[in-house]
Structure formats: C-alpha cells, structure tokens
Amino acid sequence: MEGLTTTKSPFIEKAQQSGERFIHQPYELYSEENHQAWANLYSRMQSKWQKYANPKFLEGVSKLNLDPNRVPKIDEINTFLSPLTGFAAKPVSGYIPAFTFFDCLRNRDFPTTITVRDISKLDYLPEPDMFHDVAGHVPMHTDKAFADTLVRFGEFALSAALVIQEIKDKEVQIQRAKSVIKALARFFWFTVEFGLIRSGKELRAYGSGLLSSYGELTHCIESPEVQRYPIQLEWTVNQYFEIDHYQPLLFIVDSFDHLFSLVNELEVWLKDGRLNNVSPGEPFVSEDDIQSFLTAKL
Ligand SMILES: [Fe+2]
C-alpha cells in the first residue's frame, strides 16, 4: 500500500510534477497507518476541543459527522457542509498561489490537502495536512457568519488584484503587490489560522492552526507566555510571524460579525493606500504569489 502520507506520497508527487493543482481524493490509497494516524489525532483532540474550541466549531464537528476512526471522504463531508453555507472542500496537491487560493474562497471552495501526517510524528507538521484542513478549518465553514467572512477575504483579493493591475509602473506594481499580499497573509494568519474569540467571559480558539494542534490549543488559552490582545488592524498587517513554534502573540475578536467587519475595513485601507508599504519581514511573498495577482483574470 503506497499510502497518502504528508511529504511521502507518490500520488501527490506525480500530481505536483505534472502541475495538477486540483485533484481528486484517491481514497483507496490510504494505508491502515494513515487511518490509524487520523484516529489517534482525532481521539486525542476530543477533550481539548470541549474545553478550548469556540461553540461554533463544536457544532460544526457534529454537523459534519466526521468519522473518528477512518480518514473522512471529502465528498461525504461536502454532502453535509454544502447545504449549510454553500462551502465545499476541494482536494489540492499542495501549495496554491495566493490569488487562486483566495479566489477559491470567494467561490466557496476550500482548497484542502488530502495527505495525513506521519503516524510516528503526530506533532510535527512540515506542511498543512488533512487533519489541519479538515478537522481544523472545515468545521468552521458550517457557520454562516464565518463562511461569509471567508468569502469577504476572497472579495478583498479580487479588489487587490484590480488595484495592483491598474498600476502602470512595473517596479511600483511589484512592490505594492508584495506589500498588499503580505498584509493579507498576516491578517489571515492572525484570524483564520490563529485567531481567538471571546465566548462569555472566556477566550476560545477559532483559528485552525490552534484547533488542529494538540499542544498549542491548551497553550494558546492557558499559557502566561502568550500575549493576547483585542485585534487591531494596523497591528496585524504590520506584524511579522514565524511558523515553526507556538505563537507568542495572538489577537482576539468579539464575534465573527466583528471579523467580517474587519475584512471590510481592510478593503477600505487597500483603496486608501494604507497597505501600500507595510512593515517588512515574514511572511515571504513568493514570485508565484505576486504573479497570481498580476495575471488574475478580472
Ligand atoms: Fe490553515
């Protein structure tokens, strides 16, 4: 059995080499070890989710009927998900250029990895895997306000591509594209990937990077080492982040309507030129990401 293990899957390698970004889920290729890894990941998160996940996530998990014992079938997830918010998980072979990724969100498709991390290293994640995407992200997509916010991210990217493509001077165009993509990636990181939300008097996680991490989900709420602040747009778009350790700085939203309004504001800032020159530093914006905005068909 060849398996669909993250960074070790011939099926994925082949798809990547032939430039196939959107693929199907070849379910028969999952090895027993992949299913076991999923079951282990899933079962150890149960008590943590009850304690630290936001209520909409818990509702989402039950609405999706995720199988605790076997790797879920994407098509089956979509039969539960799509009637709720119109979202669907869409299998991908790996990295998707920034504009394409956000344009998928605008169309209520969520690019979803289909490989499962190595069973011997459940806490080590060289790149996003299916547990991160399906157990961390997708339950949130059952909530209407959250789903609408993801669509707003997609609409923001479309507006950004328009603004960028109108710039005549090539050098300025590339510099602006880099800055706007950096601002967007940072804002997405501190919200959809690593966001905290108020829930009564307590804090809960809604970011998928937190919800899919056994260690960080406790750490993000309990640890005195983490700085937690009410979200500020000007801070998030100028704040660099590193991906290889627990986040020392997290931002709190009041509700998903609040988050939605912040993406609206981000678009106002884009049009006012306030994202034209954000502070340098992580994340790195690749040539493919820039080109995806410059060549987007509008
Ligand atoms: Fe993610």
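Visitor: How many bridges join strand 5 to strand 6, and do these strands run parallel or antiparallel?

Guide: Four bridges join strand 5 to strand 6 (residues 249-253), and the two run parallel. Two strands pair if DSSP finds at least two bridges between them. Strands (E, at least two residues) and helices (H or I, at least four residues) are DSSP runs, numbered from the N terminus. Opposite Leu 249 in strand 6 stands Gln 227. This is a predicted model: local features need pLDDT of at least 70, side-chain atom pairs count only at pLDDT 80 or more, and totals for chains, interfaces and linings use all residues. Residues are numbered from 1 along each chain as its sequence is written.

Visitor: In what order do the strands of the sheet lie?

Guide: The order is 4-3-6-5, in an open sheet of four strands with mixed pairing. Strand 4 (202-205) and strand 5 (227-230) are the edges, each pairing on one side only. On average, neighbouring strands of this sheet are turned by 40° against each other, direction ignored.

Visitor: Which strands does helix 10 lie across?

Guide: Helix 10 (residues 214-222) lies across strand 3 (196-199), strand 4 and strand 6, and runs at about 155° to strand 4. Such angles run from 0 to 180 degrees between N-to-C directions; the axes are lines fitted to C-alpha atoms, for helices over the stretch in contact.

Visitor: How is the packing of helix 7 and helix 12 read, and at what angle do their axes cross?

Guide: Two packed helices are described by the angle between their axes and the distance between the axes. For helix 7 (residues 144-165) and helix 12 (residues 256-271), the axes come within 9 Å and cross at roughly 5°. Helix 7 and helix 12 are therefore roughly parallel (under 35 degrees; over 145 is roughly antiparallel, 65 to 115 roughly perpendicular, the rest oblique). Contact means C-beta atoms, placed from the backbone, within 7 Å. Among the residues in contact are Phe 153, Phe 156 and Ala 160 of helix 7 and Phe 260, Val 263 and Leu 270 of helix 12.

Visitor: What about helix 7 and helix 8: are they parallel or antiparallel?

Guide: Their axes come within 10 Å and cross at roughly 170°, which makes helix 7 roughly antiparallel to helix 8. Phe 153, Phe 156, Ala 157, Ala 160 and Ile 164 of helix 7 meet Gln 173, Arg 176, Ala 177, Val 180, Leu 184 and Phe 188 of helix 8.

Visitor: Which residues have the most contacts inside the largest nonpolar core?

Guide: In soluble globular proteins, nonpolar side chains tend to be buried together. A nonpolar core is a set of buried Ala, Val, Leu, Ile, Met, Phe, Trp, Tyr and Cys residues joined through C-beta atoms within 7 Å. The largest here has 79 residues, and those with the most contacts inside it are Ala 160, Val 180, Leu 184, Ala 205 and Phe 293. Helix 8 (residues 170-193) gives the most to this core, with eleven residues. Leaving aside residues up to four places away in sequence, Phe 293 touches Ala 98, Phe 99, Ala 160, Ala 161, Ile 164, Ala 177 and Ile 181.

Visitor: Where does Thr 7 lie?

Guide: Thr 7 lies in the segment before helix 1 (10-17). Although not a glycine, Thr 7 has a positive phi of about 65°. Thr 7 counts as partly exposed because it has 13 C-beta neighbours inside 10 Å (20 or more others within 10 Å is buried, 12 or fewer exposed, in between partly exposed).

Visitor: Which residues does the cis peptide bond join?

Guide: Glu 282 and Pro 283, with omega about 0°. Pro 283 is in the loop between helix 12 and helix 13 (287-294).

Note on methods. Two residues are in contact if their C-beta atoms, placed from the backbone, lie within 7 Å.
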